[in-house]
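Please read them with the coordinates open.

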Amino acid sequence: MPDFGRQWRGLAAALVVPPLLTAVLTTFNERLNLSSQVLIYLVALVAIARVCGMVPALVAAIWAAMLLDYYFISPIHTFRIAVANDVIAFLAFLIVAVTVASVVEYSGKQFRRATRAAAEAAQLEAADRMRTALLNAVSHDLRAPLAAALASVDTLRDPRFELSEDERGELLGAAHTSLGRLSRLVEDLLDMSRLQSGALKPRLEAVSVDEVIPRALDDVPAAAGRVTYAASPGGVPPALADGALLERVVANLVGNAAKHTSSRIELTASGVHAGFGTAVSRKTGDTDATDATDDTDGSSREPGDKVEIRVIDHGPGIPATDHERVFRPFQRLGDHDNTAGVGLGLALARGLVEAMGGELRPEATPGGGLTMVVAVPARAAAGPAKEAVR
């Protein structure tokens, strides 16, 4: 459709520009000779060919040739040409006009092809970098848990080993842990692939944040005893989100904080009024919760209101210059070993949030640390909130 519209606009220009140019040239007819008039028409035809394409340029060339003959070649106001030199000039004008239009159209096509080729090359280069990073990650992060699980199973099956029940239980636990880690890594890779291909479609509905967060915390046993979340009645409106994806996002963020810090981890939830910049907030372990909106019962929200979930740690944090870098796939900023996965957690979390129409952004925690803010659209108000401490 863009090319079709361009053709029609070009034909309109081809029909309008030559008469307008003729009107201007007739005003200065006594000051310009035929050669100057021909050159001015040629400039207009080059511009039409460059902007509108070959077909409009040919139409403009024929139209300009007729006007040139009728108004500027003797005898004037006829389509006859009396002088041989004028015949040569007229024919030269037609030949040059068609040639110039062809050359300009060809160069434009070559430029567009070169632009597409450059874009495709950039995509291939990005895909190649992604493949290289994936292979590097797979070479250890997927093979390591698989090798550990196989080693445990082989030991259990080897009749040469006389194992006690405790030893068997320990080996089975190691195999289970390794296979669970392998399953999560493969799931992250598949979800990232689906996100990048546009195949992952979230199911948006009204979701209670006070129900999602406790389930997400249950998925992160490594953070048990370090995470606190509390909400008071009447506070946070439901989010317009996919409950399963939102749960996974929160679990990823809490798990990431637990891996990289030994500090306590706090979760807060708040309904943010986009129109007036106010919020209904229920904060972790905070007995002095605040209601700054006019609709303190959370019964309604204007379009554009959001629900914000904050995952707050008090560790070393990261420099502001690296805030966006941590969301790149296969980045493991600050890792000191290769046990933290393939570096897809934050990239996947941001992709899932954006697929739900929200945003995920990092902020510095006052006093030190990192805060991850999940903001998704809000729906109608939630009922009385539950309290959960993990």
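Is Glu-308 buried or exposed?

1. The model is a predicted one, and the question above can be answered from its accessibility: Glu-308 has a relative accessible area of 10% and is therefore buried, the cut-off being under 20%. The side chain of Glu-308 meets that of Arg-361 in a salt bridge, with N and O 3.1 Å apart. Because Glu-308 belongs to strand E7 and Arg-361 to strand E8, this pair ties together parts that are 53 residues apart in sequence. Arg-361, at 23% relative accessibility, counts as partly exposed.

2. Over the whole structure, the search finds eleven salt bridges. Another of them joins Glu-324 and Arg-350, whose closest N and O atoms are 2.7 Å apart; Glu-324 sits in the loop between E7 and H8 and Arg-350 in helix H8, so that distant parts of the chain, 26 residues apart, are linked. Here Arg-350 is buried at 16% relative accessibility, whereas Glu-324 is partly exposed at 47%. Arg-264 and Glu-266 also form a salt bridge, with 2.9 Å between the closest N and O atoms, and Glu-266 counts as buried at 12%.

3. The largest nonpolar core has 43 residues, and those with the most contacts inside it include Leu-253, Leu-360 and Met-372. At least two residues of this core come from each of several elements, among them helix H6, strand E4, strand E7 and strand E9, while the largest share, nine residues, is supplied by H7. Apart from this core lies another, of 22 residues, among them Leu-21, Leu-34, Leu-42 and Leu-67.

4. Helix H7 covers residues 243–260, and at 1.5 Å a residue its 18 residues should span 26 Å, which agrees with the 26 Å between its end C-alpha atoms. Of these 18 residues, 14 are buried, so that H7 is mostly covered. At the start of H7, a side-chain oxygen of Asp-242 comes to within 3.1 Å of the backbone nitrogen of Ala-244.

5. Thr-365 deserves a look, being placed in the loop between strand E8 and E9 and yet buried, with a relative accessible area of 6%. The side chain of Thr-365 makes a polar contact of 2.7 Å with the side chain of Thr-371. Beyond residues up to four places away in sequence, Thr-365 touches Ile-312, Asp-313, His-314, Leu-370 and Thr-371.

6. In helix H1, which runs over residues 2–27, lies Ala-14, a buried residue at 0% relative accessibility. Ala-14 and Cys-52 are 38 residues apart in sequence, with 8.8 Å between their C-alpha atoms. Among the residues that Ala-14 touches, not counting those up to four places away in sequence, are Ile-48, Pro-56 and Trp-63.

7. The structure holds one aromatic pair. The rings of Tyr-70 and Tyr-71 have centres 5.1 Å apart and planes at 75°, so the pair is edge-to-face. Tyr-70 is partly exposed at 27% relative accessible area, and Tyr-71 is partly exposed at 31%.

Methods. Residues are numbered from 1 along each chain as its sequence is written. This is a predicted model: local features need pLDDT of at least 70, side-chain atom pairs count only at pLDDT 80 or more; totals for chains, interfaces and linings use all residues. Side-chain values use heavy atoms; hydrogens and water are left out. Helices (H or I, at least four residues) and strands (E, at least two) are DSSP runs, numbered from the N terminus. The expected span of a helix is 1.5 Å times one less than its number of residues. Buried means under 20% relative accessible area, exposed over 50%, partly exposed in between (1.4 Å probe, protein chains only). A polar contact is a pair of N or O atoms within 3.5 Å; within protein, one must be able to donate a hydrogen and the other to accept it, and residues adjacent in sequence count only if both atoms are side-chain atoms. A nonpolar core is a set of buried Ala, Val, Leu, Ile, Met, Phe, Trp, Tyr and Cys residues joined through side-chain atoms within 4.5 Å. Contact means heavy atoms within 4.5 Å. Rings of Phe, Tyr and Trp (its six-membered ring) pair if their centres lie within 6.5 Å; planes under 30 degrees apart count as stacked, over 60 as edge-to-face and the rest as tilted. A salt bridge is a side-chain nitrogen of Lys or Arg within 4 Å of a carboxyl oxygen of Asp or Glu.
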